[in-house]
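Student: I'd like to learn how to read a structure feature by feature. Please take me through one, with the general idea before each case.

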Amino acid sequence: MSMESAPDRESSARADLLSSLAWIAFGAGVFVLSWRMDRLENLHINKYEIPGLVPGMLGAAILLLGIVLALRSLQRGALRPEGASQPRPPGERRYLAIVLGAMVAYPIVLVGHGVPFWLATLLFVAAFIFCFDRGRQQGLGRGNAKQAVLALAYGAATSAVVTLVFQEIFYVRLP
């Protein structure tokens with residue numbers, strides 16, 4: 001059972017609807033642009049190795065998930081008239097700024113300055129999980145030490161899988 005009040009639920013549903021529209025546009029754009037990429041037929045490239053295949057599949061998945069989010073937000077009352085519009089709490093904006101800053105710092109600071117991709121990914125994922133999932137983990141009775149170990153394990157697993165998939169399956173040289 002959700003502890004959210006009806007106005008909060010409608011506000012959240014409205015925010016989800018706006019987000020879904022952005023995801024739908026982004027997914028559609030990625031799909032269309034990948035479809036228009038050169039298929040390198042003159043080089044007799046296998047149809048499963050064309051440059052736009054993976055981005056096209058990702059764009060289609062993002063588009064589909066955006067549609068699912070839109071439908072879900074409509075079911076939750078995104079278009080119902082709103083009583084009094086309440087601004088987002090300042091803490092929520094600060095949290096969003098920190099998350100966006102971390103996501104920009106990862107490719108620019110870590111990957112862009114000679115840190116090997118696998119190590120940059122391990123550090124980013126571990127730090128992200130440790131910092132942003134700590135409240136939920138402490139609610140489950142896990143202390144900082146256990147949270148740090150779990151974050152490092154998830155970071156190492158994510159780094160290994162992403163690195164191996166890109167290098168061994170997609171043949172992408174990573175920095």
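**Reading the model**

Student: Is Thr163 buried or exposed, and why?
Tutor: Thr163 counts as buried because its relative accessible area is 12%. The cut-offs are under 20% for buried, over 50% for exposed and partly exposed in between, using a 1.4 Å probe and protein chains only. Keep in mind that this is a predicted model, where local features need pLDDT of at least 70 and side-chain atom pairs count only at pLDDT 80 or more, while totals for chains, interfaces and linings use all residues. Residues are numbered from 1 along each chain as its sequence is written, and side-chain values use heavy atoms, with hydrogens and water left out.

Student: Where does Thr163 sit, and which residues does Thr163 touch?
Tutor: Thr163 is in helix α6, residues 144-169. Helices here are DSSP runs of H or I with at least four residues, strands are E runs of at least two, and both are numbered from the N terminus. A contact means heavy atoms within 4.5 Å. Leaving out residues up to four places away in sequence, Thr163 touches Phe117, Trp118 and Leu174.

Student: How many helices and strands does the chain have?
Tutor: There are 6 helices and 0 strands. For "transmembrane region", an unreviewed UniProt entry lists residues 12-33, 53-74, 95-111, 117-136 and 148-172. UniProt positions use the numbering used here, feature names are shortened, and annotations may be inferred rather than shown by experiment. In the model, residues 53-74 are 100% helix and 0% strand, with end C-alpha atoms 32 Å apart. Residues 148-172 are 88% helix and 0% strand, with their end C-alpha atoms 31 Å apart.

Student: And how do I read the loops?
Tutor: Ala78 is in the loop between α2 and α3 (90-110), and counts as buried because its relative accessibility is 3%. Setting aside residues up to four places away in sequence, Ala78 touches Ala13, Arg14, Leu17 and Ser73. The C-alpha atoms of Ala78 and Leu17 are separated by 6.6 Å, although the two are 61 residues apart along the chain. Asp38, in the loop between α1 (6-35) and α2, is exposed, with a relative accessible area of 52%.

Student: Which residues make up the largest nonpolar core?
Tutor: A nonpolar core is a set of buried Ala, Val, Leu, Ile, Met, Phe, Trp, Tyr and Cys residues joined through side-chain atoms within 4.5 Å. The largest one here has 6 residues: Tyr106, Val111, Phe117, Ala120, Phe124 and Val125. Its largest share, 4 residues, comes from helix α4, residues 117-132.

Student: How many aromatic pairs are there?
Tutor: In general, a pair of aromatic rings is described by the distance of the centres and the angle of the planes. Rings of Phe, Tyr and Trp (its six-membered ring) pair if their centres lie within 6.5 Å; planes under 30 degrees apart are stacked, over 60 edge-to-face, and the rest tilted. The whole structure has 6 such pairs. One of them, Tyr95 with Phe132, is edge-to-face, at 5.3 Å centre to centre and 90 degrees between the planes. Tyr95 lies in helix α3 and Phe132 in helix α4, so the pair ties together parts 37 residues apart in sequence. Tyr106 and Phe124 form a tilted pair, 4.7 Å centre to centre with 35 degrees between the planes. Both Tyr106 and Phe124 are buried, whereas Tyr95 is partly exposed at 43% relative accessible area.
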